[in-house]
Amino acid sequence: MEAVGRLRVGSWRGIRTLDRTLPVWIGASLFLIFLMLLPLGWILVASFRGEEGWSVGGYVQVFTEKAFLRAIWNTLIISFWVGVIAVVIGSLLGWLVTRTDLPLKRTIRALVMASFVTPPFLGAFAWTLLAGPNAGLLNKIYRSLTGSEEALFNIFSMEGLIFVMALYSFPYVFSMIANVCELISSDLEDAANILGASMWRVALTVTLPLAAPALLGGFILAFLHSLSLFGAPAILGLPASVHTITTQIWALFQYPPRLDLAAAFSVPLLLATMLLIALQKKILGRRGYSTVGGKGGERRLLHLGIFRIPAFVLVLALLSLSVFLPYWILLKAALAKAWAQPLTWDNFTLENFKFAFFQYGDTQAAILNTFKLGILTATVGTVVAALIAYITNRQLLWGARYLTFFALAPLVVPGIVLAVGLFLAYARPPFVLYGTIWILFIAYLTKEMPIGFSQAETTFKSIHPELEDASRILGANRLVVLRDVTAPLARAGLIATWCFIFIGVIRELSASILLFTPKSKVVSVVIFDLKEEGQIGVIAVLGILLLLVSFLVILAVQWAARGEILATRE
Amino acid sequence: MKKLFSFLLVISLCSWGAVSFAQDAAMIEAAKKEGKVIWYTSLALPSSTMIANLFMNKYKGIEVEVHRTGSQRVLQRVMQEVSAGIKNVDIIHTSDGGHFVLLRKKGLLTKYLPKGLESFPSGFKDKEGYYFGMRATLSVIAYNPKVVTEKEAPKSWKELLDPKWRGKMVTAHPSYSGIIATHVQAIVNLYGWDYFKELSRNKLHLVQSANDPAGVVASGERPVGANGAEYFYYKTMKQGNPLRIVYPKEGIPLVVSPVAIARDAPHPNAAKLFTDFIFTKESLQAMADLEGLYTGHPDVTYPKDKPKLKELNLLNVEAEQLEEKNAEIKKRFVEFFGA
């Protein structure tokens, strides 16, 4: 009897002394689960909630009414072609940069990064100025060169929308392919070479099949990305009467709002995303190609020979579509009185900057909100992501691997769907966060969690537990270890996590567009508002501001990371 | 006796003036304490910020927060905030008279009679005293004279149905703009929904705000505006852009855009002060000067090269009808134009 009692006390004491930090881990986990489940639960509830009681009327209407069906169909067509084009451009560039002797590879990588950082809605806006059928500068040049009456390209069309979305989706494929290409060893290629295959045949029959899973994975990633975009379809699709699922959900919020339909319409988007992510995991997780994955083997560069310069020109041409041309037109629109006229002294003005920064109160408040939210979300997000990644990586809790699932779950929730859920959850008493920047904070935190988590996870994977074990043996508890040992080692990785989240936040539009109120506007929303009123110069100014800040942050990361490498070498 | 009488009259007039002056001073004092007024407006950004700045110069220490978006978005914002129990907006201004019928019916407005409204025409006043017309906008046709000659240019709404304009026109959207919602209802009253069904065959470029077609026409992106706010066309033309306005003889939709104070206005005194200011000659004249906006004030003068409202054949739409048809207008427009 006494023995049992002592045992109980002992084990109770054991828990206390062993793991006083347990509440932190459990708290972080519960927070994450709460963050994910609440909005999704609300969507499900609201989708079955008609005007009078429970019904499946919402679903019936969504899947029978022509306008809704057309939006679904448009979305599928657009996303499919975006996926295809993104794979072609992304894999070509990824392969050229990693496996050939293309000149200026670092610069090209930086430019791909620039396309990645450019918010698609900003790219879409810039392309309306470049390729509007009549006033677009490229079409004007084309007409004056050929004397033709017709436009070369009408950006306000399904094709135009696909084109622009592909331009800002291909970096996803690029990074995937570039990673895989760096892992494929040259052994197999050498074997084929020895057996007499030509250089191109090797590329087509050996390298390409080895990269095939990554290509398919990249396709799905680009497909998903375009599925969730809101700004580009709204800017390029709506003027040409093309609705997509996201713009349709947004339209359902107009007065009188049909939240039941918006929720019901979110569910297919959610399911489609889940399905595709599962598929992608299956394809990439199979790793049937043993050569991919190891770091062994030697990798040699392919000599492009006479194709070296033409390939370089082609790459630059592609990147000019996503970077040079849009940036140039934005700069011009920001500095010109009439953007369609040549930028002469008479046409030069700083009025747009003055209006954006000093006269229009909305922009000042929005800039402030955006940076507040960026810093706040990035900081809290990094801490939470690091805690969760630490738990899953070191298996601190039972069921830790299910946490991975929750941390990555927002990947399957398109921004606008998340926003519908959050609006349902937090726009009515008792939890009224709507009307404050906190609802945006929660949206951003949720949305950026997968990126933050995977970044933090990779970081912790590379830090061996031995060092932690050493200090724990010496008596430090987990949190102290995390703070004093692990975090300093993970510094560069965590700074990168912070920056990724920050950049993700300041360019966010698809969730913000449903969650902002005039009191809690952010820059992306102001840009969208101004677009609807046709204030081109001011939009350009704000767009340039977003880009500049993003680039500065990236430079800061690189600087921090380089400092880290130097430090470890010492 | 006569002298005494006139003396008394002077005294009473003076004291009445003093009383109202004292009331004014009290209101200004209270407004300054509130320090802020929040204005949800569909008035074009340059004009709305100008009025806000005029007010802030006159009443130092009271900040005007301008939140400009389309009429329908303003209503959406207001209703979403009401349903979430958020009290943010002080003054509501949209171009859709129907909105104010709706808001009044739902009891979401404060009854307030701004100063000097007695001399305004009746079309600018709500009979029940909740909202008043700040400006009158016309929805007109416009064209780019660099692309379309005056002879070719469409002279009437009906001419826009001609297939020769296919792919050459731009329209704003009734799901965004109150001016366009009123425009659509006015034309439907004239020609029925078949007009828009036929018009949509000409593949119009869709923009949102009634101000946006001006830029689209001026840049030549689409040489003809099938509708749009006349004041913004006029302003764009005056800035030296290639643009001409056509006032169709069949009738021109007249859009009276009301202002009202929200029931739960967080800054009620500042809201009253700003509403009074909006209806002063000073503010309305500035609007008329900047972009030739029509107002209800009898003393405001308009640019010489603009037609007088009296000379035009105006199409009025009852606010009650707009409220009733709000959903139908948007739905059928989307049906015909696809988005």
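**Exercise 1. Which helix of chain A is A:V315 found in?** Then work out whether A:V315 is buried or exposed.

Before we start, a word on the model: this is a predicted one, where local features need pLDDT of at least 70, side-chain atom pairs count only at pLDDT 80 or more, and totals for chains, interfaces and linings use all residues. Residues are numbered from 1 along each chain as its sequence is written, while chains are lettered from A and ligands numbered from 1 in the order in which they are written.

*Solution.*
- Step 1: go to helix α15 of chain A, residues 308-335, and there you find A:V315. Helices here are DSSP runs of H or I with at least four residues, strands are runs of E with at least two, and both are numbered from the N terminus.
- Step 2: apply the burial rule, with C-beta atoms placed from the backbone: 20 or more other C-beta atoms within 10 Å of a residue's own is buried, 12 or fewer is exposed, and in between is partly exposed.
- Step 3: A:V315 has 23 other C-beta atoms within 10 Å, so it is buried.

**Exercise 2. Which residues is A:V315 in contact with, leaving aside its neighbours within four places in sequence?**

*Solution.*
- Step 1: a contact is a pair of residues whose C-beta atoms, placed from the backbone, lie within 7 Å.
- Step 2: with those neighbours set aside, A:V315 touches A:L93, A:L96 and A:I108.
- Step 3: look at A:I89 too; it sits 226 residues from A:V315 in sequence, but their C-alpha atoms are 9.0 Å apart.

**Exercise 3. How many residues does each chain bring to the contact between chain A and chain B?**

*Solution.*
- Step 1: chain A puts in 33 residues and chain B puts in 38.
- Step 2: on the chain A side, α17 (361-394), β1 (427-428) and α25 (523-533) each supply at least two residues. The largest share, three residues, is from α25(A).
- Step 3: sort that side by type and you get 16 nonpolar, 11 polar and six charged residues. Nonpolar covers Ala, Val, Leu, Ile, Met, Phe, Trp, Tyr, Cys and Pro; charged is Asp, Glu, Lys and Arg; the others, Gly among them, are polar.

**Exercise 4. How many helices and strands does chain B have?**

*Solution.*
- Step 1: count 11 helices and 12 strands in chain B.
- Step 2: now do chain A, where you get 26 helices and two strands.
- Step 3: check burial, and 51% of the 339 residues of chain B count as buried, with 48% of the 570 residues in chain A.

Definitions and conventions: Contact = placed C-beta atoms within 7 Å.
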